Amino acid sequence: MKFHSRCLVAALSAALLLSGCGEEKTSEGQKESVTFASQDAFPSTYSVTQSRPVVIRGATLLTGTDEKMDSADLLLTDGVITGIGEGLEAPGDALEIDGSGKWVTPGIIDVHSHLGDYPAPAIESSQDGNEMTSPNTAEVWAEHSVWTQDPQFALALAGGVTTLQILPGSANLFGGRGVTLKNVPARRVQDMKFPGAPYGLKMACGENPKRVYGSKGTAPSTRMGNVAGYRKAWIAAANYKKKWDDYGKNGGDKPERNLELETLAGVLDGEILVHNHCYRGEEMAIMMDIAREFDFQVSTFHHAVEAYKVADLLAENNVCAAVWADWWGFKHEAYDMTQANLAILDQAEACAMIHSDSAVGIQHLNEEVAKAMTAGRRAGFDIPPEHAVGWMTLNPAKALGVAEKTGSLEKGKMADVVVWSGNPFSVYSKAEKVFIDGELMYDRDDPTRQPRTDFELGILDAEGERL
Amino acid sequence: MNKMVRKIAMSCALLLGVAAPQLQAETLLITGGKVHTLGEAGSLETADILLRDGRVEAVGPSLDLSADRTIDASGKVVTPGVIAPVSELGLTEIGAASDTNDYAVTGESIGSAFDPMPAFNPKSTLIPFNRAGGVTRALVFPGISLWGEGVGDPQRVFAGRSFAIELNGEFDSVVATDLAQKAYLGEAGGQLAGGSRASAFAKVKSALREAAEYRDHRDAIRRGDWRTLNHSAADLEALQPVIDGEQPLLVTVNRASDILAVIDLAEQFELELIVQGAAEGWMVADQLAAAGVPVVIDAIDNLPISFSSLGARFDNAALLHEAGVTLAISAPGYAGTHNTYLSRQSAGNAVAYGLPYEAGLKAISTNVAGIFGIEGGVIEPGAVGDIAIWNGDPLEVTSFPEQLLIGGEPQSLVTRSTRLRDRYLKPEQGHEHWYRF
């Protein structure tokens with residue numbers, strides 16, 4: 001089975017208010033509707049080497065849809081989930097996995113990662129995550145920096161991560177495009193690109209942009225300077241979009257392409273999702289007003305240390321928040337942390353999730369959710385594991401616009417599945433088997449199914465692997 | 001493990017405690033908990049602990065004693081409080097706000113004389129926060145500045161002097177001083193010393209030689225009747241206990257070959273050595289064990305993040321322990337001092353990857369006290385009453401302390417984090433949240 005890049009039409013979470021992709025009708029050069037997202041520029045070449053069907057028997061399933069099933073079976077066929085329940089019949093050639101004592105969850109999804117862009121080893125010549133040369137670099141794409149041989153991808157896989165968004169850094173008001181990847185070994189980033197996933201646009205509030213540019217004596221040097229920078233850019237983007245829309249309607253001279261404005265116009269068109277680094281409650285409220293002014297939708301506030309203060313506003317505006325369990329204090333805007341942040345957001349019915357922003361943290365997102373769940377319980381909320389699991393599966397899938405395809409154990413969805421040695425919300429549990437589109441990508445019990453990047457060959461010992 | 005005479009300052013709290021009337025001959029009984037003594041008595045499924053005047057008097061099953069106060073710990077897990085092996089507690093408030101940081105300095109000197117203790121702030125919000133995570137004591141060390149002006153400028157091969165605190169937030173909470181000197185060798189040292197790790201070694205050796213020269217000719221040097229030395233008298237004074245083997249040298253290195261080079265250096269100068277980092281420690285675990293060198297590791301960091309830590313792996317702790325190395329586990333590097341208590345999560349991961357359970361508990365308490373020569377980390381007669389009572393396994397990510405004693409005194413577990421939580425449990429439009437406190 002091979003997926004081709006194509007527009008994602010109506011397959012996205014309604015909560016994100018996305019319109020479909022632009023149609024590419026080119027008839028005699030008269031009418032041309034432009035796809036600002038340019039999904040065909042670096043098309044996904046993701047493919048799955050189909051293996052045999054898989055049936056996991058008698059496991060505890062956390063479906064990602066608020067359901068816990070004890071002693072249930074899960075059937076994966078042709079890369080998708082085809083059965084869930086008790087006593088499933090499986091094809092004769094199916095790989096049978098004894099799930100007794102095991103727990104099964106959807107593959108973990110990290111909405112905020114820099115793997116490949118900030119690879120290990122972190123040597124200076126490979127620090128490709130932050131184009132710190134202008135406050136607006138909406139024209140750069142994170143995928144063009146991804147070093148697919150980054151050994152951190154394989155480590156994240158062993159932690160159960162099947163899908164991740166690689167984002168540019170937060171130095172700029174507009175950092176550039178993020179890309180959603182499936183966490184598979186690949187020679188080129190196109191081989192990892194999640195088929196049909198919309199692009200993200202990284203934006204940043206607060207301290208980082210004003211520090212980076214203010215210290216160079218250029219704008220922005222204040223938070224109000226930040227906001228002026230966003231609004232100027234959106235005005236330019238709206239004009240750009242209108243030019244192309246007019247051209248699409250009326251023909252005439254074809255406007256010149258502008259990579260920076262194309263990305264922003266893609267947001268205004270609803271094709272590209274805004275992922276906004278933003279810590280303070282006040283700033284989130286301002287950003288939502290900017291979105292209203294220019295008629296676009298913010299998908300997710302990232303880091304969002306103060307999201308709990310405006311949880312009701314986020315819920316009203318259908319904006320998600322991606323947070324840590326307990327990081328704080330490294331900056332003033334990260335000072336007002338509460339460990340109950342995620343739980344308070346959740347209780348206010350905002351779409352909330354865990355995220356890593358860390359190559360260590362991404363390997364332990366189940367533990368991070370466990371800590372956030374515990375903090376919520378201590379705050380008096382009733383949060384069962386079958387609910388908390390959504391914080392690392394279905395909710396990040398929503399934030400990335402891929403919730404119709406992955407993020408839960410439901411028939412017809414991609415067979416992105418983790419078999420855990422026990423309750424995933426224990427520090428002692430490990431991802432034992434990780435399936436991506438039904439293919440066994442990682443098996444803790446079988447060293448021949450533990451991928452090692454090119455970098456790791458012969459690096460500590462010429463005849464061995466890294467470990 | 002270390003033969004040196006430790007300079008343990010008498011607990012100020014204890015001295016004051018004797019004078020404070022409310023503590024006179026006070027007894028406290030903790031009953032019915034599952035007690036990990038981390039001492040000779042081992043782990044007891046159900047046991048009572050009697051404290052008198054802030055110290056443990058007895059521990060055992062069914063002590064059948066009465067006391068002034070009783071804490072029912074049935075169904076709970078009881079351990080010594082967590083001790084942080086390397087922190088900047090009280091020296092930092094907000095990482096990127098340089099005004100609030102006092103743990104690092106830049107300059108021309110080699111740095112050994114730098115004593116951060118006068119800057120210690122026991123009212124830092126990091127102290128109640130980490131106390132609520134189960135930390136009762138911490139070593140406080142200077143470090144390299146990560147933010148603000150001077151970042152990337154050549155800093156010092158030595159970071160400076162250290163002290164230990166108890167986390168009760170009192171003005172007299174420094175419990176011991178001059179516990180170790182800190183130095184950077186290996187990759188970090190190479191960058192600090194001008195490009196090569198060899199030059200960092202040379203700088204350290206030169207300083208140690210001069211320190212010995214200073215010791216042997218102090219009077220002549222002070223009279224001015226000696227050659228001009230390359231280092232200041234203050235720096236050389238600070239190194240005296242190090243070259244005398246009274247104060248260990250804590251050295252951060254990660255690469256296996258660097259660790260061996262540091263062991264050689266310690267043998268050559270007869271230093272007491274502690275290795276911090278040791279990402280590739282497992283590759284030279286036998287040599288570390290043979291040299292009696294304890295290590296402080298970031299057990300959750302398995303990233304080959306530099307060419308000096310290509311061998312980083314989750315079971316480093318287990319392999320070091322198996323070889324007989326005394327092991328302390330620090331907070332995850334990414335968590336920093338603000339989340340020092342997450343050494344528990346790191347230790348839990350180390351246990352998940354093969355470290356025996358009690359060794360995991362000791363790595364965040366008992367061994368830290370032993371390595372640096374401070375009190376704490378054990379529940380046995382005579383031990384300081386730093387005790388945590390947990391809702392469950394303290395290495396589990398769903399666990400937290402329900403009660404905490406420092407020097408036998410019950411501690412508040414309220415933090416800014418819980419205050420903010422309680423204010424915004426139900427965020428809504430209006431003004432009322434400012435009136436909620």
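Helices (H or I, at least four residues) and strands (E, at least two) are DSSP runs, numbered from the N terminus. The model is predicted: local features need pLDDT of at least 70, side-chain atom pairs count only at pLDDT 80 or more, and totals for chains, interfaces and linings use all residues. Residues are numbered from 1 along each chain as its sequence is written, and chains are lettered from A and ligands numbered from 1 in the order in which they are written.

**Stop 1: the helix.** Select residues 365-378 of chain A. This is α8(A), with 14 residues. From first C-alpha to last it reaches 20 Å, close to the 20 Å expected at 1.5 Å a residue (1.5 Å times one less than the number of residues).

Colour by burial (buried: 20 or more other C-beta atoms, placed from the backbone, within 10 Å of its own; exposed: 12 or fewer; partly exposed: in between). In α8(A), 12 of the 14 residues are buried, so the helix is largely enclosed by the rest of the structure. Among them are L365(A), M373(A) and G376(A).

**Stop 2: its cover.** Show contacts (C-beta atoms, placed from the backbone, within 7 Å). The cover of the buried residues includes β8, α7, β15 and α9 of chain A, together with α11 (343-352) of chain B.

**Stop 3: just past the helix.** Select G380(A). Its phi is positive, about 100°.

**Stop 4: the sheet.** Select β8 to β15 of chain A. They form an open sheet of eight strands, in the order β8-β9-β10-β11-β12-β13-β14-β15, with mixed pairing (at least two DSSP bridges between two strands). The edge strands are β8(A) and β15(A), each pairing on one side only.

Now zoom to β10(A) and β11(A). They pair in the antiparallel sense over four bridges. G178(A) stands opposite G200(A) in β11(A).

Definitions and conventions. Contact = placed C-beta atoms within 7 Å.
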